[in-house]
Amino acid sequence: MTELDFDYLRAYLKQRSGLALTAEKRYLVESRLTPVCRRFGQASLRDLVGALKISRDTAMERAVVEAMTTNETFFFRDRLPFDLFRDVLLPQAMAQAAGRRRLRIWCAASSTGQEPYSLAILLQEAAAKLAGWHVEIVATDLSTEVIEKARLGLYSQFEVQRGLPVQWLLKYFTQIGEQWQIGASLRSMVDYRQINLLNGFEALGTFDVIYCRNVLIYFDAPTKADILNRLAASLAPDGALLLGAAETVIGLTDRLSPHPIHRGLYGHPVAAGRAAPPMTLPLRAVAAR
Amino acid sequence: MTLPTEKTCLVVDDSAVIRKVARRIIETLGFTVSEAEDGNEALKVCAAAMPEVILLDWTMPNMDGYAFLQALRQAPGGTAPKILFCTTENDVGAIARALRAGADEYIMKPFDRDILTAKLEQVGVVHADAA
């Protein structure tokens, strides 16, 4: 792939998905788009770029954008949502559900599994406190292909180094050649299912915590509003919804409201006469680790 | 102008290319970067002024990264720096050995900006917003 081809792809992806690739992401383009070349009968990335320039093949265009965007994820991505889980959401949910000792967590765009497995690691680290609890992680994605990869839990050396502390790499993964596989016990903690958020998901039931990060950005406002309203319906009364840093509920739905302190965290609006949820840990204490 | 609060990082690698690539990334994260091409030279730099972070190759002539780490951790003030191994050694045994000897994090080459930044965040010398 020449510099010009790479620049063309960067501009192409920026225009169609908002994805901003830095010059160092060349390896990512190569690793993600090589399978797309094969699928559409292009001998090289160079040929693929040539084909994109002249063709009106929308399936190929979509495949290029999907390959570069929908699966962009890493362990403990953005960190704060996971610090929040460990320090605020988990203790709070455990206090609220102390009677039933049952927690349900949903990763609504789980991609290749890094997000649900990050949560599984935090739950495993808190295993002593959670003895006797039934904790369920449901992870869904639109693409059956990425779900298969997630189930397998096999990651490249690049993938396991972005966000995952090396101590946890040694503790929870097994090295297989140049790759690393997450342990069977953590894999068994996550229940993967194929779900398109545009369709109904009521059948999944209600959840104490929902992670739906960096997926709404790809939809238009009415679709965002529709999904947010239905996520609100799937959220337990004291439940917490986490969105991506570039996402919000404001102006889209009044069935969810931002948490007064924690960025990226949303819940049911506090009803008149009902006490505010006890999510009052100062952000500073959460962020420092 | 160098601010008195500026963070310091020592890059130890026998490859000038790796040192240059690492320096470029680390400088954009607000560090003043110094370089050494083996463990002996790195010990001298540390004796003059202990850096906050050390990015450390394993295989080098004269004194390798592992021997340097052991020597540094015994030296006065040598427990303070955060040490990130950065090496092509990528098997579980090597990683475990490095951590036992007192390394704080471990980077398997090849690395990029994302990995280096993430690992510096991991050891608490860079905050997510800086990236």
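Biologist: How many helices and strands does the secondary structure of chain B come to?

Modeller: Helices (H or I, at least four residues) and strands (E, at least two) are taken here as DSSP runs, numbered from the N terminus. This is a predicted model, in which local features need pLDDT of at least 70 and side-chain atom pairs count only at pLDDT 80 or more, while totals for chains, interfaces and linings use all residues. Residues are numbered from 1 along each chain as its sequence is written, and chains are lettered from A in the order in which they are written. Along the sequence, chain B reads β-α-β-α-β-α-β-α-β-α, and its secondary structure comes to five helices and five strands.

Biologist: In which order do the five strands of chain B form their open sheet?

Modeller: Two strands are said to pair if DSSP finds at least two bridges between them, and the pairing in this sheet is parallel. Strand E2 (31-36) and strand E5 (105-108) of chain B pair on one side only, as edge strands. The strands of chain B therefore follow one another, by the DSSP bridge criterion, in the order E2-E1-E3-E4-E5.

Biologist: Which residue in E3(B) is the bridge partner of B:Cys9?

Modeller: Strand E1 (residues 7-12) and strand E3 (residues 53-56) of chain B pair in the parallel sense over four bridges. Within E3(B), the bridge partner of B:Cys9 is B:Val53.

Biologist: What angle does the direction of helix H5 of chain B make with that of E5(B)?

Modeller: Axes are lines fitted to C-alpha atoms, for helices over the stretch in contact, and angles run from 0 to 180 degrees between N-to-C directions. Residues are in contact if their C-beta atoms, placed from the backbone, lie within 7 Å. Helix H5 (residues 113-122) of chain B packs on the sheet, where it touches E3, strand E4 (82-87) and E5 of chain B, and its direction makes with that of E5(B) an angle of about 170°.

Biologist: Which helix gives the largest share of the side of chain A that touches chain B?

Modeller: The contact takes 12 residues from chain A and 17 residues from chain B. On the side of chain A that touches chain B, helix H8 (157-161) and helix H9 (166-172) of chain A each supply at least two residues. The largest share of that side, three residues, comes from H9(A).

Technical notes
Contact = placed C-beta atoms within 7 Å.
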